[in-house]
Amino acid sequence: MDASVSVEEKPKLLSLRDLLSLIKPVRGSMIIACVLQAISAIASIVPFIAVADLAKVLLEEQAPVNADAAWRACWIAFFALIVRMAATYTAFFISHNADNDFQLYIRRRLAKHLVKVPLGWFTGRSAGDVKKAMADDVMNMHNLIAHAALELLTAIIVPVVTVVYLFSISWIMALAALIPVVIGVYMYTRQLKKGLELMDTYTESMGKINGAAIEFVQGISVVKTFGQTGRAYSRFFEAGENFLSVMWNMMKGALRVSSIAELFLTPITALVSISAATIFAVQMGWVSSFVIIPFTLLGLGITAPLLAMIFGGRSLQEAAVAAAKVKALLATPVLEEAAAAKEVNNFELELQHVSFSYDNKTKVLDDINIVLKPGTTTALVGRSGSGKSTIAKLIPRFWDVSEGKILIGGVDIKDLPSTVLYQYVSFVFQEVQILRASVRENIALARPDAGQDEIIKAAKAAKIHDRIMELPRGYDSIVSEDALFSGGEAQRLSIARALLADTPILVMDEATAFADPESEALIQDALSNLATGRTLLVIAHRLSTIQYADNIIVLDKGRIAEQGTHRQLLDDNGKYSRLWERHERSTEWFPETRVAGKHKSNSSFSNQSV
Amino acid sequence: MFRKILRILDTGAHKLRSLIFVHFLCGVLQGIAFAVLVPLLRSILGGNLQNAWRWMLTELAILVVYSALSYWAKLAGLRISTDLCSLLWRRLGDHISILPLGWFSGGQVGQVAKLTSDGVLNVMGVSTNLLKPLMDAFVTPSVVVITIALFDWKLALAVAATVPFITAAYFIAERITHRFDDQWYAASVNMSGRIVEFAQAQPVLRAFNRTDNSVQLLDSALLQSRNATKKSLSMGSLGQILFLIVIQAAFTIVLFVGTYRALGSSIDAPELIALLILVTRFAQPLTDAGGLGVAARVARNLLGRMEKLMATPGLPETTSPGKVLNASIEFKNVSFGYDAGRTVLQDVSFKVQPNTVTALVGASGSGKTTITRLIGRFWDVNAGTVSVGGCDVRELSGRDLMAQVSFVFQDVYLFTGTIEENIRMAKPNATKEEFEYAIRAARVDEIIERLPEGLATQVGEGGGSLSGGERQRVSIARAILKDAPVILLDEATAALDAENEALVQEALSALSANRTLVIVAHRLQTIMAADQILVLGNGKILENGRHQDLLAKGGRYADFWREKERAKGWRVKANNIG
């Protein structure tokens with residue numbers, strides 16, 4: 001029943017102490033809210049007692065009735081109600097505001113933390129996961145902060161005060177009133193515990209329906225074109241049915257017990273047990289018939305707060321899980337930041353014995369040694385999975401190397417604060433990242449103080465200026481509101497940004513150029529302008545584009561297989577020359593339809609058409 | 001809300017209706033049980049224990065019936081809500097299956113998937129869970145008022161007098177909360193968007209935003225959300241407190257007026273006390289009802305979206321389907337727009353002969369992809385006709401049309417399952433030879449040789465555990481096995497490495513043989529070799545012909561070609577503009 005108990009039960013959940021430290025900034029307001037809630041809980045009982053007193057006065061045998069006493073009881077009830085209302089409302093308001101402030105505080109803390117974790121952390125998970133943690137999980141903690149403590153207090157204070165009061169009137173009657181409550185609560189909590197154990201199975205099969213539904217809707221165009229709608233549909237359906245049967249099995253047993261438990265706790269049961277006990281006790285001469293009044297008034301109210309607590313159990317559980325997730329996210333290791341920058345003499349980039357592994361088991365890169373002289377172009381070549389993208393991402397520190405060093409002008413990049421590192425290195429990758437802000441802000445991201453002429457100059461060199469001028473508000477247009485860019489245009493915008501950032505070293509993915517076949521030539525012009533005069537590292541896909549590079553590095557399974565110029569590598573007649581052959585062949589390929597005899601002549605339309 | 005559910009459930013509605021009825025009965029019984037308290041108290045306080053026992057036994061009888069009904073309602077409620085879930089799934093699923101294919105290319109896929117999965121669970125869960133508290137809050141008090149009237153109509157009138165105020169306060173509170181919830185919702189949507197951006201653009205934010213305020217955009221969204229919540233809290237709780245005040249005021253009025261009358265002996269003390277007990281008992285469920293609004297609102301919004309989905313018209317199916325004569329395609333004066341007012345294709349006419357290659361070229365947004373989609377009847381045209389094999393696609397049954405065309409697009413969707421399952425789905429009854437031919441021809445053999453589990457390798461969600469080129473080859477194998485005479489192909493094989501590109505091309509060669517090909521073309525070689533090139537611009541066909549003829553004409557195609565040639569010659573070289 002106790003919130004902290006259920007929090008502590010599962011090892012993966014937070015301990016009460018961790019929880020208290022997590023919510024530190026709002027602890028003060030929460031204490032005030034709790035005090036007010038306690039006042040409200042007590043005040044909520046007073047009107048019942050006052051009405052009981054009123055009844056006593058009115059039922060006095062001897063006339064005249066004590067009118068003063070009657071009115072006093074009325075006023076007490078009235079004021080207690082006002083106090084209760086004010087206290088409840090204020091407690092609610094304070095706790096909800098505390099929760100709201102807490103959400104802001106914890107989200108800011110998460111944001112501050114996340115800007116320090118390795119960039120690679122973000123590529124390892126979808127942005128949706130981050131959103132889930134930062135928006136949804138934090139919101140799910142709502143119950144923990146805004147409700148749990150207050151509900152717990154009410155659930156303890158109201159029954160305890162009520163029971164004490166009832167015992168003071170008649171202990172036999174109090175016992176009679178308590179019996180069904182005790183039985184009901186006992187059954188309920190036992191059942192609840194079992195239910196919580198089954199939660200994992202439940203969540204798991206719930207996840208399966210989500211997956212099946214996504215597959216059904218996303219894949220429908222595929223299944224339809226293959227005339228298999230029924231099959232994909234039945235898969236979604238099976239997942240649904242499966243979930244329902246899991247739920248049914250899980251709930252069926254629990255539901256029987258909990259329904260019976262609920263019946264013990266319903267007001268009618270209390271009504272019957274109290275009235276039967278009263279009539280019996282009156283007959284036996286143990287009590288006066290008047291006791292029926294305080295007992296019907298108060299006895300029926302013991303169970304409501306208890307039930308509210310029990311019903312709140314599940315959302316509390318969710319809240320506790322969410323809190324644990326938030327805490328875990330805050331514990332993500334951060335990238336070590338150098339305190340002070342070391343002097344960089346030149347912009348020679350060197351990879352020394354670099355090895356890297358994502359999981360500490362399989363090496364993605366193994367003992368890589370590369371030197372990039374200032375102003376030269378180096379191309380990385382290899383099939384997907386050879387490690388070329390990994391090398392490119394180690395230089396702007398998406399991840400840190402597992403072994404070896406990456407040096408700029410003789411200084412390890414780990415010894416450069418990130419603000420300094422990014423003054424030397426920028427990158428243009430395939431996945432474009434433009435912000436929902438003005439076009440100007442997007443280009444001037446690196447140098448917010450850049451003048452209009454500088455921004456226009458960069459946009460012109462990136463071949464995007466003309467497109468921007470077509471927008472309703474030109475450079476002030478907001479991206480994805482009144483500035484809607486195609487893939488290629490977004491690419492060019494990000495190239496303008498890199499141009500304005502003007503770093504001596506540039507890492508770029510050549511695939512960027514043909515991500516948008518329509519404006520390929522324009523992106524290429526923009527990239528050419530960007531590359532000019534910098535130390536360049538290119539991840540190559542089309543071999544023809546990099547044949548004039550100063551150095552071509554052929555990667556194979558994380559190792560350097562060959563390196564040299566295009567000529568040298570062709571002369572060596574190794575891996576590169578085989579890749580080149582394939583490349584040549586693929587540029588000459590075109591689709592043919594009239595090649596009967598060459599392939600198995602699969603009856604073209606004869607079998608379907610008639 | 002329940003009316004909406006009943007409407008959506010259609011044939012399954014009677015199950016929910018019976019559940020509602022039983023809950024209603026429980027509410028009624030509970031009301032009677034409370035009302036019986038009046039004679040019960042009167043007899044106990046009046047010392048008439050004989051009568052008291054009789055009323056007590058009445059209470060007990062009510063309790064037994066109530067228990068039986070509510071136990072049944074609980075168990076049946078679960079059964080019915082699972083039945084209803086499955087019914088709702090089927091209804092939504094049936095409807096989704098007949099929607100035009102084009103409908104699924106929008107951004108709504110994720111939303112619809114979510115709506116059909118947890119949306120359904122949420123709606124059914126909330127609605128069955130809501131029944132009891134709703135009855136407790138509204139039916140039980142009404143019954144008490146009516147039953148009291150049987151004993152003493154004056155008392156009943158006194159209680160009934162408070163009802164309109166309470167109802168009014170409830171709806172005012174609802175209205176206020178609702179209004180500020182909308183603002184709150186908008187702010188939280190904005191915040192979610194900024195968080196996603198924050199995570200997605202993290203590399204750029206860090207690399208380019210050197211001033212250390214990279215969280216600024218996010219931070220203002222966080223702040224905005226906090227402030228909107230604050231406003232919604234203050235105003236929303238004002239609504240709640242109004243509701244509370246009215247309920248308490250009703251109690252207070254009954255208390256003071258009742259006491260005044262009791263002191264003046266115009267009302268029986270036991271009656272007043274019974275009345276006070278009842279009034280205090282009502283206050284609780286009514287107060288709780290204030291909080292039910294939130295859950296009900298969520299369910300109502302979901303229901304609204306389901307209704308909208310169900311209202312989206314499906315593609316009409318012909319009742320007397322025509323026959324396909326050959327593998328030709330024809331567009332006759334076709335006009336089309338995705339939404340009214342914006343035409344994507346305007347008066348487009350062309351013919352594709354069987355066994356030829358037609359290349360579609362033009363800037364993005366010129367309508368190339370739309371043409372391929374109209375051939376597959378992803379949408380219906382606004383004017384003109386699209387024919388496949390000499391027959392209007394609207395006159396063909398969906399199954400026959402789909403048997404005519406295969407799509408090989410850039411985004412390949414594979415289903416969770418093995419490589420083999422994904423290929424076999426094209427033709428579940430394919431022979432061993434047919435299957436093996438497809439695998440070889442599409443160069444899937446090269447993939448399965450490398451994988452330890454071969455054909456039984458799981459492709460992962462959406463095919464995620466295969467590379468782009470591998471996915472494409474699996475999808476080509478699927479198309480080869482399907483063996484449709486018309487192939488619609490999008491050539492953008494972006495970011496495939498040289499090896500993969502060569503293999504995909506081999507696969508495409510096998511697929512194209514002896515078929516009719518319509519290609520959204522990007523490669524020079526492909527365009528040059530085409531039997532027919534359609535140059536599109538602003539939704540119209542600007543030029544139509546073979547490569548040499550169009551080049552000689554010196555028009556739009558010639559310009560396009562020059563740009564392409566320039567792009568092909570691009571070379572990366574520092575200090576040396578390519």
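## Burial and contacts

In chain B, 48% of the 578 residues count as buried (20 or more other C-beta atoms within 10 Å of the residue's own, with C-beta atoms placed from the backbone). The model is predicted: local features need pLDDT of at least 70 and side-chain atom pairs count only at pLDDT 80 or more, while totals for chains, interfaces and linings use all residues. Residues are numbered from 1 along each chain as its sequence is written, and chains are lettered from A in the order in which they are written.

Of the contacts in chain B with a separation of 6 or more, 78% are between residues 24 or more positions apart. Two residues are in contact if their C-beta atoms, placed from the backbone, lie within 7 Å.

## Overall dimensions

Chain B holds 19 helices and 10 strands (DSSP runs of H or I with at least four residues, and of E with at least two, numbered from the N terminus). Its radius of gyration is 35 Å, well over the 25 Å of the globule rule for 578 residues, so chain B is more spread out than a compact globule. The radius is taken over C-alpha atoms, and the rule is 2.2 Å times the number of residues to the power 0.38. The C-alpha trace of chain B spans about 115 × 60 × 55 Å along its principal axes.

## Strands S9 and S10

Strands S9 (residues 532-537) and S10 (residues 540-545) of chain B run antiparallel and are joined by 5 bridges; pairing requires at least two DSSP bridges. B:Gly537 stands opposite B:Lys540. The hairpin has 2 residues between the strands, and B:Asn538 takes a positive phi near 50° there.

## Interface

In chain A, 156 residues are in contact with 152 residues of chain B. Helix H4 (residues 67-114) of chain A supplies the largest share of the chain A side, 19 residues.

How values were computed: A residue is buried if 20 or more other C-beta atoms lie within 10 Å of its own, exposed if 12 or fewer, and partly exposed in between; C-beta atoms are placed from the backbone.
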